[in-house]
Amino acid sequence: SQQGEEDPQALSIQEGENATMNCSYKTSINNLQWYRQNSGRGLVHLILIRSNEREKHSGRLRVTLDTSKKSSSLLITASRAADTASYFCATPLSGSARQLTFGSGTQLTVLP
Amino acid sequence: DTGVSQDPRHKITKRGQNVTFRCDPISEHNRLYWYRQTLGQGPEFLTYFQNEAQLEKSRLLSDRFSAERPKGSFSTLEIQRTEQGDSAMYLCASSLEEGREAFFGQGTRLTVV
């Protein structure tokens, strides 16, 4: 069963613009993670935000978490063509800290 | 150790054949996960090991699937009597402890013809 769902499913922007992706989830969590996947490759961990954190930064990435709305957002600032990838949010499955459940992802295309 | 390693990267097999994939996690990580990903979807959890013990299995893991992690190091995932519906990317991940980020391998892409 899917816990997180990303929105939008696809996003196309020009290089230099900011990209915002959203994730909604269903049950209480203790952390939420964002991953990036280039076409046909494995997933790369981007950032983990804990339930007691509201915002976290890593380079050009900014993640927010609103546990009252059960939602998170990933902002990529000053996007580059190399940011073109699928982005997934992942949350622990309810009742299991071990299983991460992923949404279907947001396909981001950054046009040069 | 540069990360999680999976072998082979690609596998094409005929329906009904058995296949086995290998995963070498990051050396100090005692937690190992297998996921399956189909086109346009996020990864789906298959199974989880802590050291050599298989602690969780998804209902997705039918009797034709078996995973092992002897000695708590590398892991293998075997699919017996493959079906076309088994065609997918099989991803392995490892982590240092629960609640921490998981590091993924490049995956094994299986095509059943």
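The points below go from the conventions to chain B, then to one residue, and then to the interface.

1. **Conventions.** This is a predicted model, where local features need pLDDT of at least 70, side-chain atom pairs count only at pLDDT 80 or more, and totals for chains, interfaces and linings use all residues. Residues are numbered from 1 along each chain as its sequence is written, chains are lettered from A and ligands numbered from 1 in the order in which they are written, and side-chain values use heavy atoms, with hydrogens and water left out.

2. **Fold of chain B.** Chain B has zero helices and eleven strands. Helices (H or I, at least four residues) and strands (E, at least two) are DSSP runs, numbered from the N terminus.

3. **Dimensions of chain B.** The C-alpha trace spans about 35 × 25 × 25 Å along its principal axes. For 113 residues a compact globule would have a radius of gyration near 13 Å, and chain B agrees, with 13 Å. That radius is taken over C-alpha atoms, and the globule rule is 2.2 Å times the number of residues to the power 0.38.

4. Of the 113 residues in chain B, 47% are buried (under 20% relative accessible area, with a 1.4 Å probe and protein chains only). Among contacts (heavy atoms within 4.5 Å) with a separation of 6 or more, 53% join residues 24 or more positions apart.

5. **A look at B:T13.** This residue lies in strand β2 (residues 10-13) of chain B. Is B:T13 buried or exposed? B:T13 is buried, because its relative accessible area is 7%. Leaving out residues up to four places away in sequence, B:T13 touches B:V19, B:T82, B:L110, B:T111, B:V112 and B:V113.

6. **Extent of the interface.** Chain A brings 21 residues to the contact and chain B brings 23 residues. About 1800 Å² is buried between chain A and chain B, and carbon and sulfur atoms give 47% of that area. Buried area here is the accessible area (1.4 Å probe) that two parts lose on being put together, summed over both. On the side of chain A, the residues that lose the most area to chain B are A:L43, A:R98 and A:Q99, together 33% of what that side buries.

7. **Polar pairing.** How many residue pairs are in polar contact between chain A and chain B? The count is six, with both residues at pLDDT 80 or more. A polar contact is a pair of N or O atoms within 3.5 Å; within protein, one must be able to donate a hydrogen and the other to accept it, and residues adjacent in sequence count only if both atoms are side-chain atoms.

Terms used. Buried means under 20% relative accessible area, exposed over 50%, partly exposed in between (1.4 Å probe, protein chains only).
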